[in-house]
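Biologist: I have not seen this one before. Can you walk me through it?
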Amino acid sequence: MRRAERNRAQIDFSELNEGDLVVHLEHGIGRFLGLLKLPVAEGRAPASPASLELRPPEKTRLVETEVLALEFAEEAKLYVPLEQAYLVSRYVGAGKKSPPLSSLGDGKWARAKIKAAASIFDYAGKMLAIQAERQMHPGYAFAPDTKWQAEFERSFPFRETPDQMKAIIDTKIDMERPRPMDRLICGDVGFGKTEVAVRAAFKGVMAGKQVAVLAPTTVLAQQHFEVFRQRMLDYPVRIEMLSRFRSQSEQKKVLQLLREGGVDIVIGTHRLISGDVVFKDLGLVVIDEEQRFGVLHKEKFKELFKLVDVLTLSATPIPRTLYLSLVGVKDMSTIETPPLNRLPVETVVSAYDERIIRTAIDRELERQGQVFFLHNRVATIERARDRIVHLCPQARVEIGHGQMDADELEAVMARFIAGKTDVLVCTTIIESGLDIPNANTIIIDRADQFGLADLYQLRGRVGRAEHKAYAYLLLPREMMTIGAARKRISAIKQYSSLGAGFRIAMRDLEIRGAGSILGTAQSGHIVAVGFDLYCQLLKQAVTQLKGEKPRLRLDVDLQLDFVVTNEAEFVPATKTRSGGLQSAEALGKAPLLERIPAFISVAYVSDSALRIRAYRSVAEVTSHEQLDRLRRDWRDRFGPLPPAVDNLFALIKIKLAAAESGVSRVEVRERKLMLTRHGDFILVAGKFPRLVAAKIDQYPREIQELIKKL
């Protein structure tokens, strides 16, 4: 389960589109020109244009083979056969600028890789030191669940989704451990992250500890306050709130109660981390919508809450958490299953058009719903309201934005939540976490001015009830064709299914630039080597620093003269005109037994993008369990394995066996098995071992056995 979890949170780098920048592990940054079918002389794999025989001699036929065409600096082209596609991944940088293409054959790429690796190693060292410090300090081990806890959890009005249940269980296990918890829970808006926090908080209070819940905005803090109070009505739990909605005297009273231990759960904005807030016995901190807090706040959290359990909730994890979680430096649960009867939000992208606005509002009002109209400029928000009143005279319209007087804003929000307002013209103050099930249409004016993550969050404000929800992203007319905004919006449409927060944050990383992610020094390396390779290097650095053996790709060189790894080269014994079989000798090849195929055939996986992904997953196998899992997956997905794929798996088994015995090269020439270990051949009784199996397809098995005997 653990490993599957790790694999799930990963980003898919195999979706290549023509014109994308890609990273080739050995040659650097190039541009992907697409999949080409190249004519190749039979029995010869394409390496580069130079090696293609244009005028074939009489005897050889031309066969077509599929390659990935990459372009490097000075228009140099490189053709990569599909079975080596794992060397190529999508380039995702950390800046707005695209990097220059690498030149084939100069040492610059190798140097950039070495430099990045060294710097990453230091960075990982620092990260792990912080982590190790958390591990060393004994935290508080919470007691197992009480009877009240079970009763409290049964009162949850909805069915938990499997992911949600898993997140709850993981969180409790972490709380019961003697070291401080540091868990990140990622889940889309409305997928039930808050319930995880509510249960954790209740568990904390049952153990006699105080719990702090931090939210980025006052409105959200207010809503959490209501939710927590509602859920814990029947229990003797005292819940208070600290935010600018409270008067000075009220705040003073709450602060005093916190010091004396009279408050069990306190919910608030960053007001909670001011110097005058002192807890009697703090046991758990919940940080909601963590991506909305600034760097300084986050550093302060780290300082203040080093020894208490921390639970972080985030809907679009900002990249930093994305990395650390990918690397396994942070514990992470993902909630990806939407609650029952949840429909995806219908997203419409169009030029600004008042007719669209009018029909959208009318349709929503007809079904007694409410509408968010998002206009993110306070200076002109009054004008926007007047336009809407003019378009829909029957609607009750109000304004809400962050520069209003606190009480006034709270009143507006309260009226909207109570359903006394039809249309709320507002700024992004509604973005975080608000849960208003009755509002099921959102109209976003000037959508080009938002980052992807924001648009995604905003769209998640609607569609929380059983009704179909609509999101309208309006762009100025002249913007409908150009640039990054359009690309961003099309990404939102593309990922309109629920649970796409991860992929979105990923695309955003790419489009917006992830400058501050790992500090400036690190983002330079991301630009230099691309995000995928950066993550791989980071993972290696971490395992190395932890003193574990890094699980690298299997670095074993296979040269087997009886195996064909490219479909184009594979010729089963062919019939001659007279109907007799023509042997390999007659075709002018070495008098060898037929060769056995080991590749993923077009007939088995017809879609080339899937085939690239398949080769990539084969290349990433580092253990027998992974190989078995891959085998099962493929059988489910593509059907029973043909002999060629079976043989491909047999080759991986040889590689696994070789890697376990420290063998770096396996070569078979005319039945002689030449194994290289630490630069020397391995001889048995002074000779190379020979393969003796009667049938050629038994060779892989025999090689495996011989290597295991070493």
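Modeller: Start with pLDDT, the predictor's confidence in each residue, from 0 to 100. This is a predicted model, where local features need pLDDT of at least 70, side-chain atom pairs count only at pLDDT 80 or more, and totals for chains, interfaces and linings use all residues. Residues are numbered from 1 along each chain as its sequence is written, and side-chain values use heavy atoms, leaving out hydrogens and water.

Biologist: Where does pLDDT stay under 50?
Modeller: Over residues 45-58, which have 22 contacts beyond four places in sequence, and over residues 317-323, with 23 such contacts. Contact means heavy atoms within 4.5 Å. Where pLDDT is low, the predicted coordinates should not be read in detail.

Biologist: And the chain average?
Modeller: The average is 77, and 77% of the residues score at least 70.

Biologist: Switching topic, what is the strand order in the open sheet of six strands?
Modeller: The order is β13-β18-β17-β14-β16-β15, with parallel pairing. Strands (E, at least two residues) and helices (H or I, at least four) are DSSP runs numbered from the N terminus, and two strands pair if DSSP finds at least two bridges between them.

Biologist: Which strands stand at the edges?
Modeller: β13 (346-351) and β15 (397-400); each has a single partner strand, so one side of each lacks a neighbour in the sheet.

Biologist: How many bridges join β17 to β18?
Modeller: Four, between residues 439-444 and residues 470-475. Ile443 has Tyr472 of β18 as its bridge partner.
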